[in-house]
Amino acid sequence: QVQLVESGGGLVESGESLRLSCIASGGTFTNYIMSWFRQFPGKERELVASITSTGSKTNYASSVKGRFTIFRNNAKNTVFLQMDSLKPEDTAIYYCKAKHTSVTLDFWGQGTQVTVSS
């Protein structure tokens with residue numbers, strides 16, 4: 001099985017930055033599209049950003065476009081979410097997700113809390 005472990009969350013002030021990391025193990029990392037989702041209290045998880053297996057294409061939610069950057073280091077089986085210019089409305093639990101490129105097979109991390117104070 002593929003295991004995903006997120007880290008890097010924490011408490012920051014508005015305008016500051018955080019970098020989230022998600023380390024994958026148990027599978028062939030390059031077979032997976034990697035994504036970051038976030039979940040606000042009382043809301044469903046929403047897509048923040050995604051990146052193809054080679055990193056050639058990325059996709060961002062409108063709310064984070066221009067502020068967040070997703071990138072991956074396939075040699076280290078890690079996907080990152082660089083979050084700049086953080087806003088209080090970014091406060092959420094952030095999850096990474098691995099989606100196999102050719103098989104219906106999804107895996108989720110445990111989540112990491114990001115809190116942005118005013």
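**Rings and strands**

F37 counts as buried because its relative accessibility is 13%, where buried means under 20% relative accessible area, exposed over 50% and partly exposed in between, with a 1.4 Å probe and protein chains only. This is a predicted model, in which local features need pLDDT of at least 70 and side-chain atom pairs count only at pLDDT 80 or more, while totals for chains, interfaces and linings use all residues. Residues are numbered from 1 along each chain as its sequence is written, and side-chain values use heavy atoms, leaving out hydrogens and water.

Now for the rings. Searching the whole structure turns up 3 aromatic pairs; Phe, Tyr and Trp rings (for Trp, the six-membered one) pair if their centres lie within 6.5 Å, and planes under 30 degrees apart count as stacked, over 60 as edge-to-face and the rest as tilted. F37 and W108 make an edge-to-face pair, 4.9 Å centre to centre with 65 degrees between the planes. F37 lies in β4 and W108 in β10, so the pair ties together parts 71 residues apart in sequence; strands here are DSSP runs of E, at least two residues, numbered from the N terminus. W108 is partly exposed at 36%, and the charged end of R45 sits over its ring, 4.7 Å from the centre (CZ of Arg or NZ of Lys within 6 Å of the ring centre and within 35 degrees of the ring normal).

Over in the sheet, 6 bridges join β7 to β8, which run antiparallel; two strands pair if DSSP finds at least two bridges between them. F71 stands opposite F80 in β8.

Technical notes:
Helices (H or I, at least four residues) and strands (E, at least two) are DSSP runs, numbered from the N terminus.
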